[in-house]
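Look at the fold as a whole, then follow the report from the overall shape down to single residues. Keep the sequence beside you as you read.

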Amino acid sequence: MTYQSMTISDDLKNLPKLQGWVTTRRAETLETVAFRSGAALTVLDQLISDESYGVPLKLLANRLALSAATATSKLEGRLAREADIRDAYHLTPRGEARGPDGDLLAFWREAIRLRAGGAGEIADLIGADLAGEVGVWLDAGQERAQTHGPLAGCVSVLRAVLEADDRAERVACLVSDIVLARALNWKTVLPVTAPRLTKATLRDLTGDGQGADLVVQQRILQSLEEVIRLARDLALRAEVLRSIAPKLRAKGSDAAVALFLSEDAVAPSTMLSPMIQGTSYPMTDRAARRFCDRLVELGVARELTGRPTFRLYGIVQ
């Protein structure tokens, strides 16, 4: 019998959620966006800071890293599909070049592992050309966030970075995400700036286009609303996966379940076999494939590629 993971909708009542007035579309000003974003950030902060809600934070961050990679690929003019970016990262053999798509996802996966206060780590990630300015940008962004709200701080650093280098879209979005993490005192940097931005929007921002600040803040607010919905959904799906874990009799199944709760895509042939990633538990290639197929049968995971070989699996979306 297939386990129906969608029967858990009643548990939504127990998770913090956005009120209707936050998401209602209407004409806005910077002041109303600041007010609405404050409400949205309060809900998101509750979801990711209170472990009792069960949001799998590593999984959420990795999902957002993939979304940010897809969005910044468009901002940089490459227009790579999400599936291609994911495959380039997860299916490239160890030691071989991933190509620009895989490297872009690697950038964002490294970003979510940064300490928000670690200026040295941040400088190492963004490269020598811009590293000397990162401290100045972050300080200015934090000051703006304190006086005008977190999203205003995000906008100010986006503009500052792009004025220094109009091709540094990924760096601009990352520094914005770090400003937001610092403003909320988050330990994890969540990539929330990039997904809704467009090249035209950023061009208006650096060109002092009329209303550009408002448009960028609106776009980031929309992204925050989507992240809240994703966090709530992942919390419920993670609970279902934890609940069926006792049915999985494979040796090392607990460690394998933990991997699915932290990675958005799992390659059985490399991440589960011959050793479950991050552990000392062995698993044969056959056992790894059977384990993933069992999760699919139970309705808690799906195969992501649609291919008969070189498969990837992740929690049901």
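## Overall fold

The chain has 15 helices and two strands. Helices (H or I, at least four residues) and strands (E, at least two) are DSSP runs, numbered from the N terminus. This is a predicted model: local features need pLDDT of at least 70, side-chain atom pairs count only at pLDDT 80 or more, and totals for chains, interfaces and linings use all residues. Residues are numbered from 1 along each chain as its sequence is written, and side-chain values use heavy atoms, with hydrogens and water left out.

The C-alpha atoms fill a box of roughly 60 × 45 × 30 Å along the principal axes. For 317 residues, a compact globule would have a radius of gyration near 20 Å, and the chain agrees, because its value is 20 Å. That radius is taken over C-alpha atoms, and the globule rule is 2.2 Å times the number of residues to the power 0.38.

## Inside and outside

Of the 317 residues in the chain, 51% are buried. Buried means under 20% relative accessible area, exposed means over 50%, and partly exposed lies in between (1.4 Å probe, protein chains only). The chain exposes about 15,300 Å², and carbon and sulfur atoms supply 50% of that area. Accessible areas come from the Shrake-Rupley method with a 1.4 Å probe; for residues, only the protein chains shown count as cover.

Now take the contacts (heavy atoms within 4.5 Å). Among contacts in the chain with a separation of 6 or more, 63% join residues 24 or more positions apart.

## An enclosed helix

Where do the buried residues of H13 find their cover? It includes H3, helix H12 (212–244), H14, H15, S1 and S2. Helix H13 spans residues 253–260. Six of its eight residues are buried, so H13 is largely enclosed by the rest of the structure. The buried residues are Ser253, Ala255, Ala256, Val257, Leu259 and Phe260.

## The largest pocket

Rolling a probe the size of a water molecule over the atoms shows where empty space is left. On a 1 Å grid over the protein atoms alone, a cavity is a set of points where a 1.4 Å probe fits but cannot get out. A pocket is an open set with protein on both sides within 12 Å along at least five of seven lines, and lining residues have an atom within 4 Å of a point. Grid points are joined across faces, edges and corners, and a volume is the space filled by probe spheres set on the points.

The largest pocket holds about 670 Å³ of space. Its lining has 25 residues, and His90, Thr92, Ala267, Thr270 and Met271 lie nearest its centre. Helix H4 (82–90), helix H14 (268–272) and helix H15 (285–297) are the elements that give two or more residues to this lining. H14 gives the most, with four residues. By class, the lining has nine nonpolar, seven polar and nine charged residues. Here Ala, Val, Leu, Ile, Met, Phe, Trp, Tyr, Cys and Pro count as nonpolar, Asp, Glu, Lys and Arg as charged, and the others, Gly among them, as polar.

## Buried residues in helices

Helix H4 holds Arg86 and Asp87. Arg86 is buried, at 7% relative accessible area. Asp87 also counts as buried, at 15%. Leaving aside neighbours up to four places away in sequence, Arg86 touches Leu66, Leu105, Ala265, Leu304, Thr305 and Leu312. With neighbours within four places set aside, Asp87 is in contact with Thr92, Thr305, Arg307 and Leu312.

Ser176 sits in helix H10 (residues 169–184). Is Ser176 buried or exposed? Ser176 is buried, with a relative accessible area of 0%. Not counting residues up to four places away in sequence, Ser176 touches Cys154, Val157, Leu158 and Thr193.

## Backbone details in loops

Leu79 is not a glycine, yet its phi is positive, at about 60°. Leu79 lies in the loop between helix H3 (57–75) and H4, and it is exposed at 61% relative accessibility. Phe310 also has a positive phi, near 50°, in a residue other than glycine. Its place is the loop between strand S1 (301–303) and strand S2 (313–315). Phe310 is exposed, with a relative accessible area of 63%.

Pro274 is in the loop between H14 and H15.
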